[in-house]
Amino acid sequence: MDKIQRKSFNQEERQKILDKTCCSCGHCGKKLDVTEMTVDHIFPLYKGGTHDEYNLIALCKECNNEKSNF
């Protein structure tokens, strides 16, 4: 199996992802800025997801740490 390539998102990309959720965590609704957010894949890379903008969501660190891959 090929290793999944992670991507480092720049400031502009991170802001676009955050704007999709009105500057809030996509799970709990906590207000975020680009320095506090994490980028999560809605459809995981290991299940064939991509780095395309439609597959990305902003999460707070707590939600990203607590979520499971389902």
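How many positive and how many negative side chains does the protein chain have, and how far apart do the centres of the two sets lie? Bear in mind that this is a predicted model. Colour the side chains by charge: there are 11 positive and 11 negative ones, and the centres of these two sets lie 3 Å apart.

**The whole chain**

Along the principal axes, the C-alpha atoms fill a box of roughly 40 × 25 × 15 Å.

Switch to a surface display. The protein chain exposes about 4,900 Å², of which carbon and sulfur atoms supply 51%. Of its 70 residues, 34% count as buried. Among the contacts with a separation of 6 or more, 46% are made by residues 24 or more positions apart.

**The two strands**

Now select residues 38-41, which form strand E1, and residues 56-59, which form strand E2. The two strands run antiparallel and are joined by 4 bridges. Within this pairing, Thr38 stands opposite Leu59 of E2.

**Asp40**

Select Asp40, which belongs to strand E1. Why does Asp40 count as buried? Its relative accessibility is 11%, and buried means under 20%. Leaving aside residues up to four places away in sequence, Asp40 touches Asn55, Leu56, Ile57, Leu59, Asn64 and Lys67.

**Cys28**

Finally, move to Cys28, in the loop between helix H1 (11-20) and E1. Cys28 counts as partly exposed because its relative accessibility is 47%, a value between the limits of 20% and 50%. Which residues does Cys28 touch, not counting those up to four places away in sequence? They are Cys60 and Cys63. To end the tour, display the C-alpha atoms of Cys28 and Leu59: these residues are 31 residues apart along the chain, yet the two atoms are separated by 8.2 Å.

Note on methods. Residues numbered from 1 in each chain as written. Predicted model: local features only at pLDDT ≥ 70, side-chain atom pairs only at ≥ 80, totals over all residues. Heavy atoms only, no water. Buried < 20%, exposed > 50% of the residue type's maximum accessible area, 1.4 Å probe, protein only. Pairing = 2+ DSSP bridges. Contact = heavy atoms within 4.5 Å. Areas by Shrake-Rupley, 256 points an atom, 1.4 Å probe, with all protein chains shown as cover. Lys, Arg positive; Asp, Glu negative; His and termini not counted. Charge placed at Lys NZ, Arg CZ, Asp CG, Glu CD.
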